[in-house]
Amino acid sequence: MKKPPRLLQKIDPNVVMRPIRWPEEIVTGGVSHAPFSHIQPYTGYPGIPSEDGVKVVSWNVNGLDRLMKKNVNLLPQLIMREQPQILLLQETKLKEPHGLAALLLEHYEPHYSFSTLRKSYGGVACFVKRDLPVDAVIPGLPSAAEFSSEGRLLTVVTPKVIIVNVFSPSVGKSLTRLESRVGTWEPALRAYLQRLRHILGNRPICLAGDLQVAHQPIDIANPSSMAGRSNFTQEERVAFDALLGQGFLDTFRKFNPGRGDWFTSWSSQQAARERNVGARTDYILATRELSTKLVHSSILNAYHGSDHCPIACTFLHKDI
């Protein structure tokens, strides 16, 4: 039998989870269920059992096909341990729906926004538990023509909340897209969110994804030397302030207001992740009325496979 993936080695081997039927091709070493039997399932938080909560998980996978080829067990591990009702993926780099991902996530309804600009670029996906009703799915960001072909935004509307999956454009190492990012993308995103709430009866919004900005100095390693660089320019940070100013709350900071050294993205060079030299550029934001129902928000940095790690939050079930 092959050696289990690194994540499984960190989990209590005494915890046994109910077996699930997985396709034969993903069973490691030909032993059915064995790779997953050590995973501790999500059972809720103190006073909030799992059946009373709706969990949202967001992850920039830096290429879904690459992630699956690298370790086909990663998504099943994430689903089995975290048990999200809504899974949001960014930078999928797909040109069509991913068949294996749909097979592994058979209890989820997949929705995609693809990049038509070029192959293996951009793209976002939303996997919604099939028992969660969906009123509408809206791809793209209106009034931002420069970014319309890059597959950067996908909106899922449920009866009680609007879920917005975002993969913001990077300004680049040379800041070549800084002007279009803060002058076009950010205002268009804020206007779109306002219009959504106006049209859909002021429903609360959960906005999640890779927003390509470290908001505060505690959100990035070596802030003094990183000032003015990509993801930490004053312009990007001011634009993020403006987004929060529309009534959004950073869910991670609600529970960790002054906590530093908790990052979600790292360079692939110089062992940056091992040394935890990174930045918190991935967020789950919630409008104020929804944030009052928030019971948990976390960074899931035990999961590898991308230059980002997943993030998660849980809301009371009746509110979503």
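This is a predicted model: local features need pLDDT of at least 70, side-chain atom pairs count only at pLDDT 80 or more; totals for chains, interfaces and linings use all residues.
1. Residues are numbered from 1 along each chain as its sequence is written, and side-chain values use heavy atoms, with hydrogens and water left out.

2. Take the sheet to begin with: it is open, has 6 strands in the order 5-6-4-3-16-15, and its pairing is mixed. Strand 5 (108-113) and strand 15 (294-299) are the edges, each pairing on one side only. Strands here are DSSP runs of E, at least two residues, and helices are runs of H or I, at least four, numbered from the N terminus; two strands pair if DSSP finds at least two bridges between them.

3. Now look at strand 3 (residues 53-60) and strand 4 (residues 86-90), which run parallel and are joined by 5 bridges. Ser58 stands opposite Leu88 in strand 4.

4. Helix 2 (residues 74-82) packs on this sheet and touches strand 3, strand 4 and strand 5 (contact means heavy atoms within 4.5 Å). Its direction makes about 155° with that of strand 3 (axes are lines fitted to C-alpha atoms, for helices over the stretch in contact, and angles run from 0 to 180 degrees between N-to-C directions).

5. How enclosed is helix 2? Largely, because 8 of its 9 residues are buried (under 20% relative accessible area, with a 1.4 Å probe and protein chains only). Among them are Leu74, Pro76, Ile79 and Glu82. The cover includes helix 1 (64-70) and helix 3 (99-104).

6. Just after helix 2, Gln83 takes a positive phi of about 50°.

Conventions:
Buried means under 20% relative accessible area, exposed over 50%, partly exposed in between (1.4 Å probe, protein chains only).
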